[in-house]
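What follows is a walk through one chain, starting from a single residue and widening to the whole. Please look at the sequence and the structure first.

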Amino acid sequence: MNRRPAQARRDQAHTRQARTRHARRAGLALAILCAGGWPAQAEGDREYGAYLASQCVTCHHATGKSAGGVPAMCDGVTQGQPGMELSLWSRDVIAQSTAIALSHAVFDGALMLGVCDKIVPGLLIGALAFGHLPTIFVPAGPMTSGMANDEKGRIRQLYAQGLVGREELLAAEMQSYHGAGTCTFYGTANSNQMLMEVMGLHLPGSAFIT
């Protein structure tokens, strides 16, 4: 693993001084970056994910520091609304935020937390600007579903026909999307996870572990 540039040593005082005594002795400093569609339950709690990652890194005698994170729009939630047109802008904001977080030259590597089709490309674009830093993407896996797609589609059709009310529709939707991870269909969020694994940026076989 490449060491930090010598000219960046003086900048480490800002990060090391804020750490615990154990963390100051740790040799490697890893940046933890995340982005999540905060309106959507599907993304899970990104702050909690960053906390778990930092604890795991500490157990392996390194230091994990939450280096940045921004909300990402969810075009599933914003369908039919003007916000749906912000998809690529959201990706670019994530990329810029990632590059800013890594620009401090105090990290030996980075962990990227994200699942959506705007988040993963944004994190990757930002990370590529710092290609000398070893980086790995940590997937959340697909969310578990409490309702089969056929049944969900049937209730949607009944609602469109006026045969069931809004309460029945919302109950079915909440049962379908009730956990953390990628959305439960073969969409671009899942294909992004597969792409990261093919590129060697995930641990092998981790894209679909829930």
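Asn-192 is part of helix H8 in this predicted model. Its relative accessible area is 11%, and since buried means under 20%, Asn-192 counts as buried. Apart from neighbours within four places in sequence, the residues in contact with Asn-192 are Asp-117, Val-120 and Pro-121.

Helix H8 itself spans residues 188-198. Along with Asn-192, the residues Ala-189, Asn-190, Gln-193 and Met-196 are buried there. How are these buried residues placed around the axis of H8? They fall within an arc of 155° when the helix is viewed down its axis, so they line one face of H8. An α-helix has 3.6 residues a turn, so residues three or four places apart point the same way.

The cover over the buried residues of H8 includes helix H5, residues 119-128, and strand S4, residues 135-138. Just after H8 comes Gly-200, which takes a positive phi of about 85°.

Now to the chain as a whole. It has eight helices and four strands, and from the N terminus on these run α-α-β-α-β-α-β-α-β-α-α-α. The chain has 210 residues, of which 41% count as buried. Among contacts with a separation of 6 or more, 74% are between residues 24 or more positions apart. The chain exposes about 11900 Å², and carbon and sulfur atoms supply 60% of that area.

Conventions:
Residues numbered from 1 in each chain as written. Predicted model: local features only at pLDDT ≥ 70, side-chain atom pairs only at ≥ 80, totals over all residues. Heavy atoms only, no water. Helix = DSSP H or I, 4+ residues; strand = E, 2+ residues; numbered from the N terminus. Buried < 20%, exposed > 50% of the residue type's maximum accessible area, 1.4 Å probe, protein only. Contact = heavy atoms within 4.5 Å. Areas by Shrake-Rupley, 256 points an atom, 1.4 Å probe, with all protein chains shown as cover. Arc of directions from axis to C-beta.
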